[in-house]
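Please look over the model shown below before reading the numbered points. They cover packing, the pocket and some backbone features.

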Amino acid sequence: MLVLVAPGQGAQTPGFLTPWLELPGATDRIAAWSDAIELDLAHYGTKADADEIRDTAVAQPLLVAAGLLSAAALGDLRPGAVAGHSVGEITAAAFAGVLDDAAALGFVRTRGLAMAEAAAVTETGMSAVLGGDPEQVVAHLEGLGLTAANVNGAGQIVAAGTVGQLAALAENKPEKARVIALKVAGAFHTHHMAPAVATLQEAAAKLTVADPSVPYVSNKDGHTVATGDEVIARLVGQVANPVRWDLCMETFKEQGVTALVEVCPGGTLTGLAKRALPGVQTLALKTPDDLDAARTLLAEHTS
């Protein structure tokens, strides 16, 4: 059984889209998506610097577009399950046929703008906490007024809150843990994002939605979601609620996953899987050079 996964914000790096635009039809597809959402995806994916693509309103559509483009390059595929981390859930919803590509790009454009606006109210951010006892880490974060916004498994929890709270964390780390500041522009998946929820509810009401054609694993709780309406409801709520990627990986394990492919810009989720899912073959799509190996893995691990 193979699961196809899509990374979240922070996975982007300057120029990462460049080699993908050399694929047949890729430039035209990106241009059409850019026109539809009024954002120059080609520019941001090839020429923009790290600060430009850190902007939430840019990063999120760019990640979804890259994920869709790289998955399409794999050809017809039917994975055993799909899932996404944070904004990657929108990419996964398109993989599962809940949304078509145009709707997914339109929805993520609204999401990125709404979350950027919410992030501008208070200076906030996120830091990764690596190591330590998970329960002790969460309790430590709560004591500092921070939220465990991403519980990623494999010894990684992401803290989110105000800049002052994160500075206190850097000075007062949990026992046996390291703290690394992340290049994101807000405290995502916390109460700081609550203003974005209403905007997304309004946008969601206008979507044409289908039920998932393959099992869709939600990062709200690791459960498989059967209806398109429930997928969309979870996409709306997750901007202000924690991501439980650890529970997604538990579900993969329970379902008997044997391989995991992470779409462009891959690397983050395969890294977590290597530590949390020993024995599972993993492959990250970083450039088109990875496509042949991914197709082979798909052929070996899908029926």
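This is a predicted model: local features need pLDDT of at least 70, side-chain atom pairs count only at pLDDT 80 or more; totals for chains, interfaces and linings use all residues.

1. A nonpolar core is a set of buried Ala, Val, Leu, Ile, Met, Phe, Trp, Tyr and Cys residues joined through side-chain atoms within 4.5 Å; buried means under 20% relative accessible area with a 1.4 Å probe, protein chains only.

2. Residues are numbered from 1 along each chain as its sequence is written, and side-chain values use heavy atoms, with hydrogens and water left out.

3. Leaving aside residues up to four places away in sequence, the contacts of Tyr 216 (heavy atoms within 4.5 Å) include Val 82, Glu 89, His 223, Val 231 and Leu 235. Helices (H or I, at least four residues) and strands (E, at least two) are DSSP runs, numbered from the N terminus. In helix α10 (residues 228-237), the buried residues include Val 231 and Leu 235. Among the elements that cover the buried residues of α10 are α5 (88-95), α9 (194-204) and β7 (216-217).

4. Trp 245 and Phe 252 form an edge-to-face aromatic pair, 5.8 Å centre to centre with 75° between the planes. The rule for Phe, Tyr and Trp (its six-membered ring) asks for ring centres within 6.5 Å; planes under 30 degrees apart count as stacked, over 60 as edge-to-face and the rest as tilted. Trp 245 counts as buried because its relative accessibility is 0%, and Phe 252 likewise has 0%.

5. The lining of the largest pocket divides into 14 nonpolar, eleven polar and two charged residues. Ala, Val, Leu, Ile, Met, Phe, Trp, Tyr, Cys and Pro count as nonpolar, Asp, Glu, Lys and Arg as charged, and the others, Gly among them, as polar.

6. Most residues other than glycine have a negative phi, and most peptide bonds are trans. The peptide bond from Cys 264 to Pro 265 is cis, with omega near -5°. Ser 86 has a positive phi of about 55° and lies in the loop between β2 (81-84) and α5. The phi of His 189 is also positive, near 65°, and His 189 is buried at 2% relative accessible area.

Technical notes. Buried means under 20% relative accessible area, exposed over 50%, partly exposed in between (1.4 Å probe, protein chains only).
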